[in-house]
Amino acid sequence: MMRVTMPGLQTLVQDGGRDGYYAMGMPPAGALDQRSYRVGNVLVGNASDAASLEFAFMGPAIAFTEDALVAVTGADVVVLVDGEARPGWTALRIRAGQTLSFGPMTRGSRGYIAVRGGIDVPQRLGSRSTYATIGFGGHEGRALAAGDVLPVGDQLREGTTDEEGLSLPEDRRPALESHVQLAVVPGLCNYRFTPESVERFFASTFTVSHEANRTGFRLSGPSLDFVPREPPFGAGDDPSNVVNLGYPLGSIQIPSGTEPICLLRDAVTGGGYVTFGTIVSTELDKLAQLKTPETVSFRAVSPDDARRIRAEARADLADIARTLSA
């Protein structure tokens with residue numbers, strides 16, 4: 001068992017996400033930085049989709065009532081076991097009665113705590129992820145609070161052993177840079193913007209605003225102009241309005257042509273704003289680790305390029321799993 005003595009900031013049970021319900025209006029939830037989350041599971045010998053804890057900016061304090069093997073991945077944060085500094089991206093042995101806690105987070109914005117066996121909360125629609133907007137899944141549908149008790153399960157990868165010390169090499173860890181460039185497939189509705197504005201978007205640098213959370217990241221940057229038109233029946237008067245549109249994970253809205261919003265894993269799945277483009281899904285891991293006032297720019301890629309980028313990221317993760325399991 002794990003007892004939360006201090007909840008940290010927005011500490012949530014998350015896994016790979018709740019797939020298959022997007023058309024019903026249910027977003028996937030799940031870890032924002034999927035790569036860091038999945039590497040954590042590899043380090044402790046879990047199944048790839050075992051439930052972990054995600055925290056933002058400030059980590060929790062967790063007392064363990066039984067021996068455990070844990071790994072902390074994601075952002076650069078000081079990891080402490082009974083006040084003694086321990087390495088991140090490494091399988092750590094924690095004894096019954098010891099407490100895992102955290103010092104300052106120096107780079108990145110989200111950390112992940114993988115525990116061998118996974119967090120054993122009930123599955124909801126095939127996932128243990130928390131969709132806190134509607135209080136669904138995870139631990140009682142909410143962020144953790146002091147006094148919460150979490151059971152550890154048996155979500156293990158076949159053939160793994162309970163050994164400490166396994167570590168991801170430094171050169172395979174995320175760079176956690178203060179500026180990232182993300183690959184975007186233009187569309188479905190970037191034709192609604194003037195050609196000059198489309199060019200301006202891809203030539204500009206945007207700043208992450210204070211409104212950056214699991215629903216989406218709002219960015220500050222130059223304004224964009226729309227092609228003049230008569231609004232169709234059923235659409236609003238704002239030039240960014242449409243009657244209705246599905247929002248892919250990672251899609252970019254630009255209401256009124258200002259402050260792009262990159263929709264993430266807790267965002268609504270459709271609505272009445274045009275989508276300028278869609279960030280390649282595996283690139284969202286880099287966006288998830290940004291914070292204000294860090295910056296982001298975008299480059300246009302084709303659907304074929306997007307599939308290649310995604311395949312390369314998945315191959316890298318598979319290679320990490322093979323290397324650490326050897």
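Here is a chat about a predicted model of one protein.

Student: Hi! How many helices and strands does the protein have?
Tutor: Hello! The secondary structure of this predicted model comes to 4 helices and 20 strands.

Student: And how compact is the protein?
Tutor: Its radius of gyration is 20 Å, close to the 20 Å given by the globule rule for 326 residues, so the protein is as compact as a globular protein of that length. The C-alpha trace spans about 65 × 40 × 35 Å along the principal axes.

Student: What share of the residues is buried?
Tutor: Buried residues account for 51% of the 326.

Student: Which residues touch the most other members in the largest nonpolar core?
Tutor: Those are F201, I279, L287 and F298, in a core of 37 residues. Take L287: setting aside neighbours within four places in sequence, its contacts are L182, F217, C262, L264 and I279. Another core, of 26 residues, lies apart from the largest one and includes V4, V70, I113 and V115.

Student: What about contacts between residues at least 6 apart in sequence, how many of them join residues at least 24 apart?
Tutor: That comes to 76% of them.

Student: Switching to charge: how many positive and negative side chains are there?
Tutor: There are 30 positive and 38 negative ones, and the centres of the two sets lie 2 Å apart.

Student: Now the backbone. Which peptide bond near residue 188 is cis?
Tutor: The bond from G187 to L188 is cis, with omega near 5°. L188 sits in the loop between β12 (179-186) and α2 (195-203). The bond from T292 to P293 is cis too, with omega near 0°, and P293 belongs to the loop between α3 (284-288) and β20 (295-300).

Student: Why do you point those out?
Tutor: Because most peptide bonds are trans, and most residues other than glycine have a negative phi.

Student: On phi, then: what is the value at L125?
Tutor: L125 is not a glycine, yet its phi is positive, about 55°. L125 lies in the loop between β8 (99-115) and β9 (130-131), and its relative accessible area of 37% makes it partly exposed. E259 also has a positive phi, about 50°; its loop runs between β16 (251-253) and β17 (261-263), and at 34% relative accessibility E259 is partly exposed.

Student: Last one: is G83 buried or exposed?
Tutor: G83 counts as exposed, because its relative accessibility is 57% and the cut-off for exposed is over 50%. G83 is in the loop between β5 (68-81) and β6 (84-86).

Terms used: Residues numbered from 1 in each chain as written. Predicted model: local features only at pLDDT ≥ 70, side-chain atom pairs only at ≥ 80, totals over all residues. Heavy atoms only, no water. Helix = DSSP H or I, 4+ residues; strand = E, 2+ residues; numbered from the N terminus. Rg over C-alpha atoms; globule rule 2.2 N^0.38 Å. Buried < 20%, exposed > 50% of the residue type's maximum accessible area, 1.4 Å probe, protein only. Contact = heavy atoms within 4.5 Å. Lys, Arg positive; Asp, Glu negative; His and termini not counted. Charge placed at Lys NZ, Arg CZ, Asp CG, Glu CD. Core = buried A, V, L, I, M, F, W, Y, C linked by side-chain atoms within 4.5 Å.
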